[in-house]
Amino acid sequence: MEVIVTNNYEELSRKAAEIIDSQLKKEPASVLGLATGSTPLGTYKELVKSYEKGQTDYSGVSTLNLDEYVGLSPDHHQSYRCFMDKHFFDLINIPKENTYVPDGRAEDLAEESSRYEQIIDEIGPPDLQLLGIGENGHIGFNEPGTSFESGTHVVELTPSTRQANARFFDTMEEVPTYAVTMGIHSIHKSKRIILLASGKHKAEAIRQLIYGEEDEQFPASSLKRHPDLTLIVDQEAYALVNEKG
Ligand code: PGA
């Protein structure tokens, strides 16, 4: 595990974007695994900046997103498809048909999960997967207790995750209860994983990730066995690491 500690969120975003930009320069037909949430927003901004400067070209790139809420249409302002379009895909020259997000409105969600896993295998595996981390250690929507062997599947969101995401919805009732997410095994297929964490509310999760044992109650701990994992964390998120583990 490589750990890069930055002074602040802006530097974290620049660092993550730099790694992705150099991946694209090395391999113009790269497959990127992407994440939603607040943390990667700065990274997408930086990636758009370098695209606008003519430094990158997404015409041959494919992307696979981690997850999607069940029940939200792709144009619902809180769907992850909409998030990705707005913050990234609509701002670069990626062909939309090369951008994959699970379909949270599929009638048969088990079938959709297998279909998505098959897409990961056909299009991917990603050269690089961008990840955030939940305060409870979740990655994607893989909540504590998820099997490390899991493929793409449907999950019921925990009350704490629904609460954390409620800020994006008008009322708590509107926050979806289920999601389709790449499983932990699916995430591990990626050749390289870059996990981002910013802010003191992530400090305990980062401490546990670095010092803790592999434990299905802390999904991110599975990443310790991935051969190419880079953590990019700001000082606030790293604050508990140098204290006694
Ligand atoms: P955040 O979410 O980036 O909005 O903090 C990360 C996550 O819950 O995976």
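Biologist: Which element gives the most to the lining of the largest pocket?

Modeller: This is a predicted model, and in it the elements that give two or more residues to the lining of the largest pocket are strand E4 (67–69), helix H3 (80–87) and helix H5 (159–165). Among these contributors, the element that gives the most, with five residues, is H3.

Biologist: How many residues line the largest pocket, and how many of them are charged?

Modeller: The lining includes Gly37, Ser38, Asn165, Arg167 and Phe168, which lie nearest the centre of the pocket. By class, 15 of the lining residues are nonpolar and 17 are polar. The lining therefore comes, under the grouping that counts Asp, Glu, Lys and Arg as charged, to 37 residues, with the number of charged ones being five.

Biologist: Which element gives the largest share of the lining of the second largest pocket?

Modeller: Two elements give two or more residues to that lining, namely helix H1 (9–26) and helix H2 (41–52). Among the lining residues are Arg14, Ala17, Glu18, Asp21 and Lys25. The largest share, five residues, comes from H1.

Biologist: How many residues in the lining of the second largest pocket are charged?

Modeller: The lining includes Glu46, Lys49, Ser50, Lys53 and Gln55. One residue of the lining is nonpolar and two are polar, whereas the charged residues number seven.

Methods:
Residues are numbered from 1 along each chain as its sequence is written. This is a predicted model: local features need pLDDT of at least 70, side-chain atom pairs count only at pLDDT 80 or more; totals for chains, interfaces and linings use all residues. Side-chain values use heavy atoms; hydrogens and water are left out. On a 1 Å grid over the protein atoms alone, a cavity is a set of points where a 1.4 Å probe fits but cannot get out, and a pocket is an open set with protein on both sides within 12 Å along at least five of seven lines; lining residues have an atom within 4 Å of a point. Helices (H or I, at least four residues) and strands (E, at least two) are DSSP runs, numbered from the N terminus.
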